[in-house]
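Please look at the structure first, and then follow the sections below.

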Amino acid sequence: MIRDERIPSDELQRIDEEIRSNWPTGADVDFEEAIEYHESLPEHKRFADVLESADKPLLQPRAGVPRLDDQIELLEYLHQEGQADLLPTTIDSYTRDNEYEKAQQGLEKARETGDDTLNGFPAVNHGVEGCRKLIDAIDAPIEVRHGTPDARLLAAITFAGGFQSFEGGPISYNIPYTKRHGLEETIKRWQFVDRLAGAYTERGIRINREPFGPLTGTLVPPSIAIAIMLVEGKLAATQGVRSLTLGYGQVGNVVQDVAALNALKKLGNEYLPDEVVVTTVFHEWMGGFPPDEARANGVISLGGMTAAIAQPDKVITKSPQEFQGVPTKEANASGLRTTRQVIDMAIEQKIDIDGIAEEQDLIERETRCLMDTIFEHGDGDVVQGTLKAFDSGALDVPFAPSDSAKGAVLPARDDDGRVRIFEWADLAMDDDIKEIHKARLSQRATTEGRDQSFRMVADDVDAISDGKLIGRPQGDV
């Protein structure tokens, strides 16, 4: 039975040798030699140090193309023209599914044609040498961003290749991403990723780990997202991770988003061990974007204003071409500059908004209910508690494709546009909290002259892409 226990050194070595045999580039990983390479990197490329010492929100986009030279060119452009503080390497979808042969075929075709035949950078196929060429070429810290349920080989190669930050986690890269992997399976595999990061950390190379906060990216109630961040943070800390960046995805109501980011930081420091340095990352809107680039810039600007008020340590930016799919490098840089302009104008102002403290208190109460039920389900063990809570529906994520979650909880916006829970199913929550949500959704129904129903949920999912925040019926104020 899997538990929240540190992987022993001999077991770590056994798994490492096994997974590195899955693809030829795994043979080039040498832990001791990798430590020497990391030690040779200048301070301004050390991800955790740069992030944790920043005095204002740092900006980071998403970006990944298959060929090494093109990836270097793309990141240099985003660093110089977009003024990105931190840079990504987004991994291709074949690698995310551990289909390295298909990734190799795509990479070879890209090299032959010059086309982007993959939707990201196949780091496993580029191997340690290719990763180090990228790290050496770019004068800023770089993070691995992916979406991989089984990220063990990717972690082994990219850590050895010089990357010092790695996104994802066993819940946040399972529930929103896959139907093929069970939650117990992904927790076990991510224990290896975190233990490997912990092994580097113990040698003085602090690998930053960043659980994926937006989850399904669609009206996720803040307390659910925060609880899962705390669980993934605790699991990583058990394995020796000491730099954790907890994530949160924008829901669009400024009061609720600021309150949620405040709660995330506070609860992260409360629930995680003292030796862990907790930072936060705010993801600009992850749902559908308006097709009009001018309106899309409005969505991005709202994210920038929210970040200026809440001041997370990092912001993951979006581009005005989100509706179209993968943006051009120019559009990606434009999203960075738009966000930076708003933050730089607003961050020196004292902006007081009524209701933030009250909303933060509600989010914290809800999160504690979820954490309490996880501890109860597992008799104190976070792994067992998480598995049993998801199995019973006491912990759930809306709109989840994974069979490991019930997906029975349904959110809707209240009359102010804050995300509330319309259908609780078996989610563990105190009755008085449920009454607060019910009353606020009832107020919206009265305003709109309709009954509370699933129609509200569906209308809200499309609202921002339609140029609004709340999915009001057509013709109503």
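## Helices α12 and α13

In this predicted model, Asn297, Ile300, Ser301, Gly304, Met305, Ala307 and Ala308 of α12 are in contact with Gly335, Thr338, Thr339, Val342, Ile343 and Ala346 of α13, where contact means heavy atoms within 4.5 Å. Sorted by class, this contact has 7 nonpolar, 6 polar and no charged residues; Ala, Val, Leu, Ile, Met, Phe, Trp, Tyr, Cys and Pro count as nonpolar, Asp, Glu, Lys and Arg as charged, and the others, including Gly, as polar. Helices (H or I, at least four residues) are DSSP runs that are numbered from the N terminus.

Two packed helices are described by the angle between their axes and the distance between the axes. For α12 (residues 293-310) and α13, the angle is about 40 degrees and the axes are 8 Å apart, the axes being lines fitted to C-alpha atoms over the stretch in contact, with angles from 0 to 180 degrees between N-to-C directions. The two helices α12 and α13 are therefore oblique to each other, since angles under 35 degrees count as roughly parallel, over 145 as roughly antiparallel, 65 to 115 as roughly perpendicular and the rest as oblique.

## Helices α11 and α14

Helix α11 (residues 254-271) packs against helix α14 (residues 356-377) at an angle of about 45 degrees, with the axes 8 Å apart, and α11 is therefore oblique to α14. Among the residues of α11 that take part in the contact are Val255, Lys266 and Tyr271, while those of α14 include Ile356, Arg368 and Phe375. By class, the contact of α11 with α14 has 11 nonpolar, 4 polar and 5 charged residues.

## The largest pocket

The largest pocket has a volume of about 970 Å³. On a 1 Å grid over the protein atoms alone, a pocket is an open set of points with protein on both sides within 12 Å along at least five of seven lines, and lining residues have an atom within 4 Å of a point. Grid points are joined across faces, edges and corners, and a volume is the space filled by probe spheres set on the points.

Of the 36 lining residues of this pocket, Arg62, Ala63, Thr90, Val326 and Pro327 are the closest to its centre. The lining of the largest pocket has 14 nonpolar, 12 polar and 10 charged residues, and α4 (68-80) and α13 (329-346) each supply at least two of its residues.

Residues are numbered from 1 along each chain as its sequence is written, and side-chain values use heavy atoms, with hydrogens and water left out. Because the model is predicted, local features need pLDDT of at least 70 and side-chain atom pairs count only at pLDDT 80 or more, whereas totals for chains, interfaces and linings use all residues.

Notes
On a 1 Å grid over the protein atoms alone, a cavity is a set of points where a 1.4 Å probe fits but cannot get out, and a pocket is an open set with protein on both sides within 12 Å along at least five of seven lines; lining residues have an atom within 4 Å of a point.
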